[in-house]
Amino acid sequence: MKRIGFFVASFVFLFVMASVSFAQAVPATKIGWIVTSDFGDEKAGITKYLNATRAVETEMRPRAVELQTLQTKINTIADDLTKMTTNSAVPVDPKAAAAKQEEGQRLRREYEFKQKEAQAAYEKRRAEVIGPITNNILQALQEYAKLKGYAVVLDVTAMGAENQPSPVLVFDPTADITKDFITYYNARPATTATK
């Protein structure tokens, strides 16, 4: 009986020692979360990203103005047609109404074509200008995580979005590293930030 008791006590001792040594061998995993949509915050975002976004928007503004002008013309024609057909005191000139409809349809086709063209140009230009900055931000985030000892950094931007399942069920608000990372990135020398 003493042998069994000694054996059990030895086994328990070895199990406890193995658990303690395993716990010491496995370092604690540090996890943080970030809200990447805050990079574009006008007041507290990433300066380089904001400047590039503004530059692309300024470059594309003439196309937006052209589309707005076309939309105004289309709306004016639609209003004119409504006035022509709803005023029973004035007889409708079928040729004038047909001409207005034709002009409206032509402008609508032109608007749709220019809208698709403008969207494609915007996406292309955004990829050319902001794509390298986004890659640089991701590299800096990797450096930051390594420097601060984070094994995992989660992007929680989509959390709470409508019809989006959340992969994170519970998280500690103190693990939000967004502001600290933005400060870190904005403080980097310009030569580092352009690599």
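Which residues does Ile 46 touch, not counting residues up to four places away in sequence? Keep that in mind as you look at these views of a predicted model, in which local features need pLDDT of at least 70, side-chain atom pairs count only at pLDDT 80 or more, and totals for chains, interfaces and linings use all residues. Residues are numbered from 1 along each chain as its sequence is written, and side-chain values use heavy atoms, with hydrogens and water left out.

**View 1. Ile 46 and the largest nonpolar core.** Ile 46 touches Phe 39, Ile 137, Phe 181, Ile 182, Tyr 185 and Asn 186, where contact means heavy atoms within 4.5 Å. The largest nonpolar core has 20 residues, and Phe 39, Ile 46, Ile 137 and Phe 181 touch the most other members. Such a core is a set of buried Ala, Val, Leu, Ile, Met, Phe, Trp, Tyr and Cys residues joined through side-chain atoms within 4.5 Å; buried means under 20% relative accessible area, exposed over 50%, and partly exposed in between (1.4 Å probe, protein chains only). Two or more residues of this core come from each of α2 (47-86), α3 and α4 (178-187). Helices (H or I, at least four residues) and strands (E, at least two) are DSSP runs, numbered from the N terminus.

**View 2. A tilted pair of rings, Phe 39 and Phe 181.** The ring centres of Phe 39 and Phe 181 are 5.7 Å apart and the planes stand at 45 degrees, so the pair is tilted. Rings of Phe, Tyr and Trp (its six-membered ring) pair if their centres lie within 6.5 Å, with planes under 30 degrees apart called stacked, over 60 edge-to-face and the rest tilted. This pair links distant parts of the chain, 142 residues apart: Phe 39 sits in the loop between β1 (31-34) and α2, and Phe 181 in helix α4. Phe 39 is buried at 7% relative accessibility, and Phe 181 is buried at 0%.

View 3. Tyr 185 is buried, with a relative accessible area of 3%.

**View 4. Tyr 111 in helix α3.** Tyr 111 lies in helix α3 (residues 94-148) and is buried at 13% relative accessible area. Leaving aside neighbours within four places in sequence, Tyr 111 is in contact with Leu 67, Leu 70, Gln 71 and Ile 74. Tyr 111 and Ile 74 are 37 residues apart in sequence, yet 9.0 Å apart in space, C-alpha to C-alpha.
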